[in-house]
Each structure stands twice: as structure tokens, then as C-alpha cells.
Amino acid sequence: MSIMPIRLFGDPVLLTPASEAKDFDKELRNLVRDLTETMLDAPGAGLAAPQIGVALRVFVWDVDEELGHLINPSLDLSDEIQDGEEGCLSFPELRYETRRALRVVAKGWNMYGDPVSIEGSELLARAIQHETDHLDGILFIDRLAPENRKLAMKEIRESDWFGMAQGSGSDPQVRVSPHSLYGKSL
Ligand code: ZN
């Protein structure tokens, strides 16, 4: 297992829709373990494969002291919504109020190729929606109300880390202040 560099906003891999995982082999299980270890090190509440430069539909979470992972997810969202602060490990220190469905049923596979169904509400539902968005190349700033998105873009442009990811390809990334003051990011 290894702790991988987390890709920052500006890295094209974060905007690229990921492919379905087809082979439930050792390599896939190693990816789940690398994601989990990298998330715990950050520390974060969730991490998707594109955030470590792997364009596969795989993500992990650490919510309410429970670790989980899901492969090739499809989501069923509740009509009820929740508003709350959200952050992302690919946007160090940024946190903005983000609207999400309150509950989610996520169907997919575990790393052994068994079908699984995960029911989550509140933070787990938020994490699953955030990570599934990553697999579609959608970032949490895309979900913000227009005025917050403007503020977020300004904060990003003024951040220490902005520009470090531009055209980085597979270059090693330096992570700046992964420890958020307010809580964990995703
Ligand atoms: Zn994220």
C-alpha cells in the first residue's frame, strides 16, 4: 500500500469522466487500499480514484468511524435535501455551503466483485454524492450557488496552491495544509 499524491484543482484528471472498473483483480484491490491509506493520511472523509490520478470509477470513505468503498456506483437520491459545509482534498482549505440530497442509496460492487447496496444519510450521503461526482469529472464548486462559486473561484486564485497543478501530468504534487480547521474534506 502507498500514500499517493492528491491531485489539486487544475489537474485535467479531475475533469475527466472515469471509466468503469472491469477487472476485479489484485490491482483493483490495491487501488482501494491506496485510496484508503491516502484518505486516512490526509485526513479526509472520502477520496475518489481520479484524485490520485486513476481514471476508474472507484471511491472510498471514512464517515462516522466506518471505512467503506464502492466500485462502479449508481445512485438513487432522495427528494429531501440537506445544506451544509463541504470541502474537497483537491481544494485545500476551501469549504462552502453545498446543497445535496439528504439520503442516497448507492448500488455497485465491492473490491471482490460482490454486488453491494449502501444506504446513507447526512454526511455519508454527502460523501457518496461528492465522490460519485468526481467519477463524472464534476467538482463540488460546480454545485455551489452562483455567488458562492464566485467567492470560491476568487479564493482559489488567491490560494498558495493554485497553479501548482497546472499541466502537472504525473509530476509529484506538494500538498499544502491538508489539515482543515473545520473538519474533514472529501
Ligand atoms: Zn473531492
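**Group meeting: a first look at this chain**

Let's start with overall size. A compact globule of 186 residues would have a radius of gyration near 16 Å, and this chain agrees, with 15 Å. That radius is taken over C-alpha atoms, and the globule rule is 2.2 Å times the number of residues to the power 0.38.

A word on the source. This is a predicted model, where local features need pLDDT of at least 70, side-chain atom pairs count only at pLDDT 80 or more, and totals for chains, interfaces and linings use all residues. Residues are numbered from 1 along each chain as its sequence is written, and side-chain values use heavy atoms, with hydrogens and water left out.

Now the layout. The C-alpha trace spans about 45 × 40 × 30 Å along its principal axes. The chain has three helices and seven strands. Helices (H or I, at least four residues) and strands (E, at least two) are DSSP runs, numbered from the N terminus. In sequence order, the pattern reads α-β-β-β-β-β-β-β-α-α.

Next, packing. Of the 186 residues, 49% are buried. Buried means under 20% relative accessible area, exposed means over 50%, and partly exposed is in between (1.4 Å probe, protein chains only). Take the contacts with a separation of 6 or more: 68% of them are between residues 24 or more positions apart. A contact means heavy atoms within 4.5 Å.

On to charge. How many salt bridges are there? The count is twelve. The rule asks for a side-chain nitrogen of Lys or Arg within 4 Å of a carboxyl oxygen of Asp or Glu.

Look at Lys 184 and Asp 62. Their closest N and O atoms are 3.8 Å apart, in a salt bridge. This pair links distant parts of the chain, 122 residues apart: Lys 184 is in the segment after α3 (146-157), and Asp 62 is in strand β2 (residues 58-63). Lys 184 is partly exposed, at 41% relative accessibility. Asp 62 is buried, at 14%.

Arg 99 sits in strand β5 (residues 95-101) and Asp 83 in strand β4 (residues 81-87), so the bridge ties together parts 16 residues apart in sequence. Arg 99 is exposed, at 53%. Asp 83 is partly exposed, at 40%.

Glu 158 is exposed, at 56%, and Lys 154 is partly exposed, at 44%. There is also a network: salt bridges with shared partners join Glu 86, Arg 100, Arg 126, Asp 133 and Arg 143.
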